[in-house]
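I opened the notebook to go through this structure entry by entry. My notes follow the order in which I looked things up.

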Amino acid sequence: MSGRTLFDKVWAAHEVVAETSDTPAVLYIDLHLIHEVTSPQAFSLLQSLGLPVRRPERTLATMDHSTPTTTEQVFGNVPIKVDAAAKQVRQLERNAAEFGIELFGMRDARRGIVHVISPELGCTQPGMTIVCGDSHTSTHGAFGALAFGIGTTEVGHVLATQSLLQRKPKSFAVNVNGKLRQGVTAKDLILSIIGRIGVSGGTGHVFEYQGPAIRGLSMDERMTVCNMSIEAGARAGMIAPDEITFDYLKDTPRAPKGRDWDAALARWRTLNSDLDAKFDASVDIDATEIEPMITYGTNPGMAVPIGGAIPDTIGDAGFDKALRYMGFHNGEGMLGKPVNVVFIGSCTNGRLEDLQAAARILKGRKVAPGVHLLIVPGSQQIKLKAEASGLGEIFRAAGADWRESGCSMCLGMNGDTVGAGQYSISTSNRNFEGRQGVGARTLLVSPLTAAASAVTGKITDPRELI
Amino acid sequence: MQSVKRFRSKTVVIAASNVDTDQIIPARFLTTTTKEGLGKQLFADWRYRSDGAPDADFILNRPEARGAEILVAGRNFGCGSSREHAPWALLDYGFRAVISTEIADIFRGNSLKNGLLPIVVDEPTSQWLLEHPGAEVDVDLQAVRLILPTGRAVSFPIEAFARHCLLNGIDELGYLRSKLPCIERHEAALSGALVE
Ligand code: SF4
């Protein structure tokens, strides 16, 4: 028998009922994360069936997608401006109270983007199965968890049974050799991986990121990589836990303590792919060749090195339509194009290290006239740490708009939007048409590139300013 | 859930590849707390002009699209966000099936749970359908095949259990709850250290 992958091991440990040709597996879910946008209809289902939440202690709720980011709306007496968002927030408060679920409400110091707070609290742990009604749940795979996004019907299934019906996906090894160069970030790495694999190349698969370049990444960086697995179509992305993972978790509030920690550590150390494990697919990437990346089109696979040019064609009907939407022409270089809005934040790049990277560039500099730089921390904890370590002051001095945590301009549900036709340099994960506002034109980049472009007012290679 | 067995309808074609769920239903309409009425906002940014008037050029606003229950789409339909509002909006609008060469994982799962058939076909079949908008197609879930107006039958893959549930109008939650004794045994065997 050949060896097993990390994914095989985590899957097998949670298979309550094995799959057959007629029926999918019943997969046990260790941790269920909830937010206000994809949960209301699931709670309604439970109410209509008269069912309780089966394991409230394995369920954690926060509000992030539609919540305001201005301090007056979060902490002051100014009501939430978007009515429908206010309604969702109140509904989640009611549902959490009724079903006995822990909720990090609007003014809770632990509130933030669902994929940021669970790791920082230590709720996300190696070997777990984690789901959330959100496709970027893949983020938690950075800890060696099997974590994936589900729809609202499945949110209802997990609330009611703590389990899901699932067919086992295939495995896909993403081997990253070499080392990222100076000024090249985890975001550039994942954008080039998506460019290689394609936006649907991972469909039906779970990625495992392996190799020296991955081992060299911090947890914040690993989360950036796993976060965007879904943008290559993959169900989930995983990284085997190691000392970097354990160091990160050790002092988090909800990690096991004392003897439980030792027991957990012994278990976690077994979580890796066997040397002779076979993957259903694989790709090899050389990190040394990667440049800072930027997208030019309307999906995350349409990316080029920042010093490069838009291709002449990619043999896809969507290419011309994308360029028309973006107001770009084939063959054009990316450097020097004008910028209207810069967004630094999201579950991809809203963590402390991302803010530190941006601050490295912004320190002692000013945002270019006419450019709106919006910096939104991934969580209130990150906001507090950024203030305490002086980042907040750097951002304010640079002229940035420094806000409270949330998804904000990543999807523009809360009113933080980009105007029609405007160019937004964004550290988020999706450059789909209209994602950041009707007619908004999004270019995905790293926090370094975003900060550099905010300072110059045009698309800039961050290595010029480091 | 209503059972889905066999139906016949003309098609409407949206040939673009990688149509993501943000296009199917933009995020600003996700502030609803129910499933109903989302059909009005289906493809909102393509369907309506900035002044809110329907864009006469967009296929869903054209007379030939009226009454079509089958959407033929380019490669990788439904990628992006996990929002189940996407199949809800398609169903509420009146679609009962989506046909493409590739359908994104989460969207496919969400569709099956709501009675919208995600039908994956081979390249030549897809090409034919893309080139023949309005074609009358027979969708037979019992026989797991499409019949094109040319008479050609094309079988399509569909997960066996989802098919069983759709044919019989069974809700998957009922089946999952019947496994609660197994789930309880699994929980009893947990060391308790997995989540504290
Ligand atoms: S930050 Fe963006 S991608 Fe992440 S959970 Fe929020 S809306 Fe989704």
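**Entry 1: chain B.** How many helices and strands are there in chain B? I counted 8 helices and 7 strands. I kept in mind that this is a predicted model. The C-alpha atoms of chain B fill a box of roughly 60 × 45 × 25 Å along the principal axes. Chain B has 196 residues, and buried residues make up 55% of them.

**Entry 2: the ligand.** I asked which residues surround the ligand. On the list I found three histidines, A:His65, A:His115 and A:His136. I also noted A:Cys347, A:Cys407 and A:Cys410. A:Ile113, A:Asp134, A:Ser346, A:Leu411, A:Asn429 and A:Arg435 complete the surroundings. By class, the shell divides into 5 nonpolar, 5 polar and 2 charged residues. I then looked up where the ligand sits, and the place is the largest cavity.

**Entry 3: backbone angles.** I went back to A:Ser346, one of the residues around the ligand. Its phi is near 85 degrees, a positive value in a residue other than glycine. A:Ser346 lies in helix H13 of chain A, residues 346–349. Is A:Ser346 buried or exposed? A:Ser346 counts as buried because its relative accessible area is 1%, under the 20% cut-off.

In chain B I checked B:Asn18. Its phi is near 55 degrees, again positive in a residue other than glycine. B:Asn18 is found in the loop between strand E1 (6–14) and helix H1 (21–24) of chain B. The relative accessibility of B:Asn18 is 11%, so B:Asn18 counts as buried.

**Entry 4: aromatic pairs.** A:Phe172 is buried at 7% relative accessible area, and A:Phe207 is buried at 1%.

Next I took A:Phe395 and A:Trp402. They too form an edge-to-face pair, at 5.1 Å centre to centre and 65 degrees between the planes. A:Phe395 has 0% relative accessibility, so A:Phe395 is buried. A:Trp402, at 9%, is buried as well.

I also asked which residues ring pairs link into a cluster. The cluster consists of A:Phe172, A:Phe207 and A:Tyr209.

**Entry 5: lysines over rings.** A:Trp402 came up again here. A:Lys383 lies over the face of A:Trp402, 4.7 Å from the ring centre. I noted A:Lys168 over the face of A:Phe7, at 5.4 Å from the ring centre.

**Entry 6: sequence and space.** I picked A:Val342 in strand E15 (residues 341–344) of chain A. A:Val342 is buried because its relative accessible area is 0%. A:Leu443 is 101 residues away along the chain, yet the two C-alpha atoms are separated by 9.5 Å.

Where is A:His35 found? I placed A:His35 in the loop between strand E3 (31–34) and helix H2 (40–49) of chain A. The relative accessible area of A:His35 is 1%, so A:His35 is buried. From A:His35 to A:Met106 I noted 71 residues in sequence and 12 Å in space, C-alpha to C-alpha.

Note on methods: Residues are numbered from 1 along each chain as its sequence is written. Chains are lettered from A and ligands numbered from 1 in the order in which they are written. This is a predicted model: local features need pLDDT of at least 70, side-chain atom pairs count only at pLDDT 80 or more; totals for chains, interfaces and linings use all residues. Side-chain values use heavy atoms; hydrogens and water are left out. A residue is near a molecule or strand if one of its heavy atoms lies within 4 Å of it. On a 1 Å grid over the protein atoms alone, a cavity is a set of points where a 1.4 Å probe fits but cannot get out, and a pocket is an open set with protein on both sides within 12 Å along at least five of seven lines; lining residues have an atom within 4 Å of a point. A molecule sits in a cavity or pocket if more than half of its atoms lie within 2 Å of its grid points. Ala, Val, Leu, Ile, Met, Phe, Trp, Tyr, Cys and Pro count as nonpolar, Asp, Glu, Lys and Arg as charged, and the others, Gly among them, as polar. Buried means under 20% relative accessible area, exposed over 50%, partly exposed in between (1.4 Å probe, protein chains only). Rings of Phe, Tyr and Trp (its six-membered ring) pair if their centres lie within 6.5 Å; planes under 30 degrees apart count as stacked, over 60 as edge-to-face and the rest as tilted. A charge sits over a ring if NZ of Lys or CZ of Arg is within 6 Å of the ring centre and within 35 degrees of the ring normal. Helices (H or I, at least four residues) and strands (E, at least two) are DSSP runs, numbered from the N terminus.
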